[in-house]
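This briefing is written for someone meeting the structure for the first time. Please look over the sequence and the structure before reading on.

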Amino acid sequence: MTSFYLFGAVAVGASLLVIAQRNPVYSVLLLIASFGALSGLYVLLDAPFVAVIQIIVYAGAIMVLFLFVVMLLNAPHEDTEQDLERMASRRPAAAGGVRIFGGALAAGLLVELWWALTKNGGESGVFPGGAVSSVRTIGRSLFTDYAFAFEVTSVLILVAMVGAVVLARREVVTGLGRGRPPGPRTLK
Amino acid sequence: MITPTHYMLLSSALFIIGVAGVMMRRNIIVIFMSIELILNAVNINLVAYSSQLQNAVGQVFALFVIAVAAAEAAVGLGIILAFYRNKETVNIDEMNLMKW
């Protein structure tokens, strides 16, 4: 019961700070903290599989992708003059803060992952009743009743992968007197 | 005693925070993070009701939501990269090429 309020407070507070922060790097780290708290809520709800997936896929993969893009764009502020001045004076301290916060976050997520993996389901769930949410039940449902949706999801991820590669690659302008007939500019 | 209402309140709080982020922020990366927040708010509801109704289908759908969020993040970040390459900014006020 206390855990619910603890995790809920962390989730809501971190989410509020995500949209209140000026520096996107802090926003990404706070969002990871928020997802970690949500993962704790899933463990409390007797859903350890979703909790582990939340940490590994969401906090691990998706947010690292976000962090990559934030670092790649190197745009740690909104485009206003005040922010430019403030960020210029605050840069070294901010970098140290990010390092400490990131380290603490990684340690916290590891502990939480261990907790989710070792916690016995069943009697300690928030709502009474047995553990329906074992990996076996989820897997059976996923591969029988929802097999079609599962396959469609794999196609969706393939399409998203191809789309991301096409969108993110550098556009090469061909034609225009390079020995090829000038035609419509294509993503080549 | 924690009831599903508690989880719904938490979920709606996160949803509203996400919508507020989409509305208020001008940085397109933060807007994307707010969208992730909205998707997670939905996931809380799915998992909470899965636990309360003793039915694993809610968790299956939560997994689908996570997969769709991953696909959306990949494509969206690709769009952000392409946009930044053209305009050298992440401010969505500059993103007006398709505005009549």
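How many helices and how many strands make up the secondary structure of chain A? The model shown here is a predicted one, and in it chain A contains 6 helices and 0 strands. Read along the sequence, this gives the pattern α-α-α-α-α-α.

**Chain A as a whole**
- Chain A has 188 residues, of which 37% count as buried.
- The accessible surface of chain A comes to about 10700 Å², and 69% of that surface belongs to carbon and sulfur atoms.
- Among the contacts in chain A with a separation of 6 or more, 65% are accounted for by residues 24 or more positions apart.

**Helix α1 of chain A**
- Helix α1 of chain A covers residues 2-20, and its 19 residues should span 27 Å at 1.5 Å a residue, which agrees with the 27 Å between its end C-alpha atoms.
- The buried residues of α1(A) are A:Phe4, A:Phe7, A:Gly8, A:Ala11, A:Ala14, A:Ser15, A:Val18 and A:Ile19.

- Helix α2 of chain A covers residues 24-44, and for its 21 residues the span should be 30 Å at 1.5 Å a residue, in agreement with end C-alpha atoms that are 30 Å apart.
- Because 20 of the 21 residues of α2(A) are buried, this helix is largely enclosed by the rest of the structure.
- The N-terminal end of α2(A) is capped by A:Asn23, which has a side-chain oxygen 3.0 Å from the backbone nitrogen of A:Val25.
- After α2(A) comes A:Asp46, a residue whose phi is positive, near 65 degrees.

**An asparagine in a loop of chain B**
- In chain B, the loop between α1 (4-24) and α2 (28-52) holds B:Asn27.
- The relative accessible area of B:Asn27 is 2%, and since buried means under 20%, B:Asn27 is buried.
- The side chain of B:Asn27 reaches the backbone nitrogen of B:Ile29 at 3.0 Å.

Note on methods: Residues numbered from 1 in each chain as written. Chains lettered and ligands numbered in written order. Predicted model: local features only at pLDDT ≥ 70, side-chain atom pairs only at ≥ 80, totals over all residues. Heavy atoms only, no water. Helix = DSSP H or I, 4+ residues; strand = E, 2+ residues; numbered from the N terminus. Buried < 20%, exposed > 50% of the residue type's maximum accessible area, 1.4 Å probe, protein only. Polar contact = N/O pair within 3.5 Å; in protein donor to acceptor, adjacent residues only side chain to side chain. Contact = heavy atoms within 4.5 Å. Areas by Shrake-Rupley, 256 points an atom, 1.4 Å probe, with all protein chains shown as cover. Expected span 1.5 Å × (residues − 1).
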